[in-house]
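Here is a short tour of some side-chain contacts and packing. Have the viewer open and follow along.

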Amino acid sequence: MAPVSPDESSPVEDSTPAPEKPKVYSSFSEDTVFSLLSAELAGQRNRFDIALDNYVTQAINTQDPGISERAFRIAEYLGADQAALDTSLIWAKNAPQDLEAQRAAAIQLARAGRYDDSMVYMEKVLQGKGDTHFDFLALSAADTDQDTRNGLMKGFDRLLQKHPNNGQLIFGKALLLQQDDESESALKLLEQNPPEDGEIAPLLLRARLLQNLNRGKEALPLLEQSIKKYPDDKRLRLTYARLLVEQDRMEDAKVQFASLVQQYPDDDELRYSLALVCLEAKAWDEAKGYLEELIARETHVDSAHLNLGRIAEERNDPQGALIEYAQVGPGNDYLPAQLRQADILMSHGRTDEAEKRLAAARDADPDYAIQLYLIQAETLSANNQGDRAWKLLQQALLQYPDDLNLLYTRAMQAEKRNDLPQMEKDLRLIIKRDPDNAMALNALGYTLSDRTTRYAEAKVLIEQAYQLNPQDPAILDSLGWVNYRLGNLDEAERLLRQALERFPDQEVAAHLGEVLWAQGKQREARQIWGKFLKDQPDSPILRSTIKRLTGSETL
């Protein structure tokens with residue numbers, strides 16, 4: 001299930017090292033006073049390590065709540081987890097009536113994975129009628145083991161018996177249920193316990209649960225009603241807009257994001273989201289305007305140039321696209337931009353220019369050298385320049401002989417060149433260096449089952465890949481195909497149906513159709529092939545399979 005995003009439910013904590021109000025300190029020894037003054041001076045000189053060390057030492061020695069709080073704030077500010085935990089516990093112990101101290105201890109214990117201890121402190125906050133962070137406890141348990149989550153659930157149930165109407169407990173339990181894939185139970189719990197006025201997070205979780213249960217249409221009126229009630233709540237309108245995107249209602253989503261940008265004109269994350277929605281809606285002019293605004297505002301600059309390049313391609317302006325892609329600097333968008341430049345140039349017969357650009361990019365950004373070699377090789381291959389791709393990979397492997405991605409790419413090129421010994425040699429080398437490389441195991445197993453008669457050997461390799469990644473549809477397809485080769489038709493059909501359901505692909509459809517044909521289910525085989533030929537009428541694998549089995553390229 002999709003986790004609730006931090007802006008929807010997680011508490012926002014104060015990370016400032018300074019306390020919000022003056023603290024009353026006890027009488028201290030001369031050594032303590034000197035140590036604390038030294039800590040303050042060290043902090044003023046940005047020697048926070050000395051400040052933290054002195055404050056932690058004095059918190060332990062004096063057990064003073066004011067000193068321990070100050071130590072805790074500094075530790076939290078510096079991200080010193082163990083010191084933050086230790087000092088929060090000292091603070092909570094020596095200030096038992098201070099709800100902020102109890103809450104700080106609860107949160108630090110949860111971060112340390114000590115959920116049972118955390119619940120004890122959080123209950124003190126609850127009894128004192130303070131604002132608890134049960135949602136944080138639930139969210140922090142998302143990556144823990146099942147036993148830990150079960151223990152935390154028991155803690156929630158125990159507190160709910162004492163405080164059955166506490167909205168924070170109810171919301172926390174719903175989050176835990178969601179993490180355990182019990183979305184129906186989580187939704188029922190929230191529906192049976194409507195939130196108090198002003199509580200937005202439970203509404204957002206209800207909407208997300210409905211979407212996860214494929215009941216997204218029910219979530220829309222819930223959010224619409226909530227927006228009418230809380231028209232200024234950014235989270236509600238943003239969740240509503242995202243839900244419209246997920247339901248492919250791009251025009252409606254565009255209206256909502258535009259409203260958000262108008263309401264929050266300085267939020268460039270919203271402006272970028274609106275640009276992406278416009279792209280999805282093929283509203284090129286609007287998208288271009290928002291992307292140019294982002295560049296002018298000096299935010300999301302690389303992503304904006306990348307998407308402006310895509311717009312130029314959609315408008316059949318390859319030169320304009322090249323200009324935009326060339327302005328994308330190092331970062332997440334750099335390699336996609338390099339790939340598009342290479343493909344545009346090569347598809348227009350400018351292969352030499354493309355290779356020169358990529359070579360210059362490797363020299364300018366050596367950290368990207370291997371990825372740029374891969375982009376160049378794959379683009380050459382895709383543009384029917386297999387010999388140049390092969391020579392390039394040989395050159396790249398001389399420079400980076402231990403890179404497994406380069407070896408794998410060469411193996412795939414070798415298979416295209418019908419050089420199966422070289423392909424097997426490269427894949428065996430990858431498997432030797434990385435025995436759990438499911439991709440290499442599957443590639444070798446599939447090729448042996450498809451291009452040779454070494455079926456038993458192929459099955460062993462594919463089963464190893466399946467053990468490592470049983471949900472991968474490519475591996476399921478390979479396992480189905482090798483079972484077909486071995487004559488296990490029922491098992492082959494079962495596996496290939498699973499693969500096609502998870503990944504509706506022409507090659508999987510060709511394989512499943514062939515298995516059905518061998519079982520005498522020719523009508524169903526034709527139906528499956530026909531369905532995929534509608535979308536890909538020139539599919540070589542479908543056409544060759546149909547011709548081989550029926551004697552005709554048409555159905």
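## Charges over rings

Start at Lys234, whose charged end sits over the ring of Tyr264 at 4.8 Å from the ring centre. Keep in mind that this is a predicted model. A second case involves Arg362: its charged end is placed over the ring of Tyr373, 4.0 Å from the centre. Tyr373 will come up again below, as one of the residues that Leu406 touches.

## Aromatic pairs

Tyr334 belongs to helix 20 (residues 334–347), while Tyr368 is in the loop between helix 21 (351–364) and helix 22, so the pair ties together parts that are 34 residues apart in sequence.

Are these two tyrosines, Tyr334 and Tyr368, buried or exposed? Both Tyr334 and Tyr368 are buried.

## Nonpolar cores

Nonpolar side chains tend to be buried together in soluble globular proteins. In this model, the largest nonpolar core has 74 residues. Those with the most contacts inside it are Leu406, Met423, Leu427, Leu444, Leu500, Ile528 and Leu542. There is also a second, separate core of 60 residues, which includes Leu152, Phe156, Phe171 and Leu238.

Setting aside residues up to four places away in sequence, Leu406 touches Ile370, Tyr373, Leu374, Leu393, Ala396, Leu397 and Tyr400.

## Ile370 and its partners

Ile370 is found in helix 22 (residues 369–382). Which residues does Ile370 contact, leaving aside its neighbours within four places in sequence? They are Tyr400, Asp403 and Leu406. To get a sense of distance, compare Glu292: 78 residues from Ile370 along the chain, with 32 Å separating the two C-alpha atoms.

Now move to Gln385, in the loop between helix 22 and helix 23 (386–399). Its relative accessible area is 23%, so Gln385 counts as partly exposed, the cut-off for buried being under 20%.

Beyond its neighbours within four places in sequence, Gln385 is in contact with Thr351 and Leu380.

How values were computed
Residues are numbered from 1 along each chain as its sequence is written. This is a predicted model: local features need pLDDT of at least 70, side-chain atom pairs count only at pLDDT 80 or more; totals for chains, interfaces and linings use all residues. Side-chain values use heavy atoms; hydrogens and water are left out. Helices (H or I, at least four residues) and strands (E, at least two) are DSSP runs, numbered from the N terminus. Contact means heavy atoms within 4.5 Å. A nonpolar core is a set of buried Ala, Val, Leu, Ile, Met, Phe, Trp, Tyr and Cys residues joined through side-chain atoms within 4.5 Å. Buried means under 20% relative accessible area, exposed over 50%, partly exposed in between (1.4 Å probe, protein chains only). A charge sits over a ring if NZ of Lys or CZ of Arg is within 6 Å of the ring centre and within 35 degrees of the ring normal.
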